[in-house]
Amino acid sequence: MKKKIVFITGAGMSAESGISTFRDSDGMWENYNVSDVADIEGWYRNPSLVLDFYNNMRRSLESKQPNAGHLAIAALEKDFEVQVITQNVDDLHERAGSTQVLHLHGELTKACDESKTVVESIGYADIHIGDKIGQTQARPFIVWFGEAVPEFENAVRMLSDADVVVVVGTSLQVYPAAGLLNYAPSDVPVYLIDPKPAQTVRPVRCIAKKATEGMKQLVEELKTI
Ligand code: APR
């Protein structure tokens with residue numbers, strides 16, 4: 001029976017693929033007002049501003065590549081059962097070959113109707129005012145501030161029988177995602193890979209390196225687990 005590793009990844013996971021994080025210096029929220037582009041109220045106020053923001057992000061994603069950290073996580077599936085819970089909306093874990101990826105905050109390559117019940121894959125295409133999905137204006141399939149996080153219960157279930165938990169590249173500032181560590185079994189090792197590791201509610205094995213370097217060290221340590 002393969003041991004199960006559950007990863008919890010954030011924007012730092014994709015930083016070395018050239019996708020900026022949110023709260024580092026020169027991060028996304030230094031250049032955009034989060035309440036205009038990543039909040040349900042911002043969508044009601046000015047949908048075309050929100051569509052432009054995600055159209056730019058989606059267009060740019062097409063030319064980005066998974067980095068060695070994404071590839072290392074996917075490669076672990078040879079020897080472990082690996083599940084990835086990501087806060088990221090990019091498709092880099094999937095493109096690296098990970099087969100079990102849960103997106104807590106939605107997916108950039110999908111669009112949906114206003115009620116988020118009709119969901120369609122759109123790849124890296126734009127969404128325009130006037131585009132319809134279901135009976136309503138199409139919108140990005142993203143979880144904005146002020147919206148529910150419907151996949152949270154599935155993430156808790158994934159963690160409940162983990163043998164190892166690995167947190168990579170998240171400031172652990174946004175709930176409920178930041179509270180996921182509370183649901184990891186208390187007797188399993190938790191690794192944290194981040195050059196500027198956040199404070200955590202429980203003791204962790206800290207690898208204060210970037211994702212690509214930290215994953216190399218983790219893979220070596222997992223050989224003796
Ligand atoms: N490798 C690993 N970690 C890195 C790297 C790197 N190369 N570069 C930066 N980091 C770390 C930072 O030290 C920080 O801890 O990644 C983390 C990025 O934190 P945030 O920018 O806050 O991103 P994240 O935690 O994913 O944000 C959570 O906030 O705005 C919302 O929905 C958005 O999903 C996002 C959520």
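Q: Let's begin with a cysteine: is C206 buried or exposed, or something in between?
A: C206 is partly exposed, at a relative accessible area of 35%. The terms work like this: buried is under 20% relative accessible area, exposed is over 50%, and partly exposed is what lies in between, using a 1.4 Å probe and the protein chains only.

Q: Before we go on, what sort of model is this, and how are things counted?
A: This is a predicted model, in which local features need pLDDT of at least 70 and side-chain atom pairs count only at pLDDT 80 or more, while totals for chains, interfaces and linings use all residues. Residues are numbered from 1 along each chain as its sequence is written, and side-chain values use heavy atoms, with hydrogens and water left out.

Q: Back to cysteines, then. What about C112, and how many disulfides are there?
A: C112 is buried, with a relative accessible area of 0%. A disulfide is a pair of cysteine sulfur atoms within 2.5 Å, and by that rule the count is zero.

Q: OK, new topic: which residues come nearest to the ligand?
A: There are 22 residues around the ligand, and F22, R23, T170, S171 and D194 come nearest; being near a molecule or strand here means having a heavy atom within 4 Å of it.

Q: And what kinds of residue make up that shell?
A: The shell has eight nonpolar, eight polar and six charged residues. In this grouping Ala, Val, Leu, Ile, Met, Phe, Trp, Tyr, Cys and Pro are nonpolar, Asp, Glu, Lys and Arg are charged, and the others, Gly among them, are polar.

Q: What distances do G12, F22 and R23 have to the ligand?
A: G12 has a backbone N or O atom 3.3 Å from a nitrogen atom of the ligand, whereas F22 has a backbone N or O atom 2.7 Å from an oxygen atom of the ligand. R23 works through its side chain, a polar atom of which lies 2.7 Å from an oxygen atom of the ligand.

Q: How much of the ligand does the protein bury?
A: The ligand taken alone exposes 740 Å², and the protein buries 93% of that. Accessible areas of this kind come from the Shrake-Rupley method with a 1.4 Å probe, and for residues only the protein chains shown count as cover.

Q: How many aromatic pairs turn up in the whole structure?
A: The search finds seven. Rings of Phe, Tyr and Trp (its six-membered ring) pair if their centres lie within 6.5 Å, with planes under 30 degrees apart counted as stacked, over 60 as edge-to-face and the rest as tilted.

Q: What is the geometry of F152 and Y183, then?
A: Their ring centres are 5.7 Å apart and their planes stand at 80°, so the pair is edge-to-face.

Q: Where do those two residues sit?
A: F152 lies in helix 8 (residues 152-160), while Y183 is in the loop between strand 9 (164-168) and strand 10 (190-193), so the pair ties together parts that are 31 residues apart in sequence. Helices (H or I, at least four residues) and strands (E, at least two) are DSSP runs, numbered from the N terminus. F152 counts as buried at 11% relative accessibility, and Y183 as partly exposed at 41%.

Q: Last one: what does the side chain of Q137 reach?
A: Q137, in strand 7 (residues 136-137), is buried at 16% relative accessible area. Its side chain reaches the backbone oxygen of H128 at 3.0 Å and the backbone nitrogen of G130 at 2.7 Å. These are polar contacts, meaning pairs of N or O atoms within 3.5 Å; within protein, one must be able to donate a hydrogen and the other to accept it, and residues adjacent in sequence count only if both atoms are side-chain atoms.
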